[in-house]
Amino acid sequence: MKKKEKSRIIAPEKGIRKTVGRPLASFSVMWCYVNIPFRPRSVRAFLAYIRTVIRDFFALQFLAKYHVGGIKKIPVVRVDHSLDQTIPFLPHKIKIYMHFVNFWIEPMSMLIRRYGAHNAMPFCSEWLRVITKAYEEAARMYRFRMSTMARPAYYKGQFLTIHLFDPHLLCVPSLHIAIVVLCSSFYRHFFEREQFSEAEKQQWNAELYAGAVAIAESVLYVKQHSVNCVPAALYMVSHLFPDLFTPTDAVAFIGELFQQPEGMSDECAQAVRTHILDMYERLLLEGAHDDDWRTPVQRWIVAYERENPPEAQQDNPHETRIFLD
């Protein structure tokens, strides 16, 4: 006897009318905040995500910063690259950078409006499990080596929040990069699987992809990450989620970066893309026979640590004075 196939959840016409044609940014994230933590079909995924972020992102960094327990024994490697200096520090890009969280929450708000809160929760949980795995896997690398780079001693506006709540010790791989490419890729497959209309797929896939590219560029413009942090994140995602994000997708994404650069020449932008692509392909080649995605990244960061010993670095490894008019 054949196993009965699980029926697909069909969005009601009323829900489709509420969402069709609207930009994802127009959906209030409050729909997620008042539903996902309290619904039986999503609370477990939500709690697992919150626990992971607290343990593997915030606590991990602050325990290392204040030398608590065994965390203090994890070496911290500077991962700056000379190409970072060719990318200007643009404080106004902080708005794009800080949109990171809402960027991946807004599609879930759309699903709640489209399917109704009860029916949308399994979909939201599915995405939360993906993002939770990304945090868990990145933390496995951070526990091997923490990483940092010089960032401006600039404390105006939202930069002050960043300096207060981000000790800046978890650079390789960049979770900003990993999450935005995962978000774009996850929903591209989701829209196809759940048979969204061609118009919806075209509109929302374009919005998510453009948003992912803009956020990826912003992490370099606001000096939260080095060019070395990007390929490691792309490699992690393509290794862990090959059904969502392939090497071909990674190469295409890299090719979209800095196509309209601000404050830098086209030649510099091309050099940045080339470096990111070369490092990604190197990780891909060296990790071809490794089951653990960390293995080639670990080899790279150990070699980088050897080439850039702490005694050759400036006294304060986390901040560099940059004076702006």
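The chain averages a pLDDT of 92, and 92% of the residues score at least 70. Residues 1-5 form one of them, with zero contacts in the model beyond near neighbours in sequence. Residues 314-325 also have a pLDDT below 50, but this stretch has 28 contacts beyond near neighbours in sequence. Where pLDDT is low, the predicted coordinates should not be read in detail.

The largest pocket has a volume of about 610 Å³. Its lining comprises 25 residues, and F57, F58, Y97, F100 and H176 lie nearest the centre of the pocket. Two or more lining residues come from each of the helices α3 (43-65), α4 (94-98), α5 (100-115), α6 (117-142), α7 (158-165) and α8 (175-193). The largest share, six residues, is given by α3. By residue class, the lining of this pocket holds 18 nonpolar residues, six polar residues and one charged residue.

The structure also holds one cavity of 30 Å³ or more. The volume of the largest cavity is about 40 Å³. The residues lining the cavity are F89, R151, P152, Y154, F159, H163, V222, K223 and Q224. The elements β3 (151-152) and α7 each give two or more residues to this lining. Five of the cavity-lining residues are nonpolar, two are polar and two are charged.

The buried residues of α7 are F159, I162 and H163. Seen down the axis of α7, these buried residues fall within an arc of 95°, so they line one face of the helix. L164 and F165, on the other side of α7, are exposed. Of the buried residues of α7, F159 and H163 are also found in the lining of the largest cavity.

Another residue of the cavity lining, K223, lies in the loop between α9 (198-221) and α10 (229-240). Phi of K223 is near 65°, a positive value in a residue other than glycine. K223 is buried, with a relative accessible area of 8%.

The loop between α7 and α8 contains H168 and P173. For H168, phi is likewise positive in a residue other than glycine, with a value near 65°. H168 has a relative accessible area of 2% and is therefore buried, the limit being under 20%. The peptide bond from V172 to P173 is cis, with omega near 0°.

Two further helix residues were examined. With a relative accessible area of 2%, S125 is buried. Not counting residues up to four places away in sequence, S125 touches R41, S42 and A45. L277 is placed in helix α12 (residues 266-286) and counts as partly exposed, at 23% relative accessibility. Its contacts, leaving aside neighbours within four places in sequence, are with V251 and I254. L277 and I131 are separated by 146 residues in sequence and by 24 Å in space, C-alpha to C-alpha.

Definitions and conventions: Residues are numbered from 1 along each chain as its sequence is written. This is a predicted model: local features need pLDDT of at least 70, side-chain atom pairs count only at pLDDT 80 or more; totals for chains, interfaces and linings use all residues. Side-chain values use heavy atoms; hydrogens and water are left out. On a 1 Å grid over the protein atoms alone, a cavity is a set of points where a 1.4 Å probe fits but cannot get out, and a pocket is an open set with protein on both sides within 12 Å along at least five of seven lines; lining residues have an atom within 4 Å of a point. Grid points are joined across faces, edges and corners, and a volume is the space filled by probe spheres set on the points. Helices (H or I, at least four residues) and strands (E, at least two) are DSSP runs, numbered from the N terminus. Ala, Val, Leu, Ile, Met, Phe, Trp, Tyr, Cys and Pro count as nonpolar, Asp, Glu, Lys and Arg as charged, and the others, Gly among them, as polar. Buried means under 20% relative accessible area, exposed over 50%, partly exposed in between (1.4 Å probe, protein chains only). The arc is that of the directions from the helix axis to the C-beta atoms. pLDDT is the predictor's confidence in each residue, from 0 to 100. Contact means heavy atoms within 4.5 Å.
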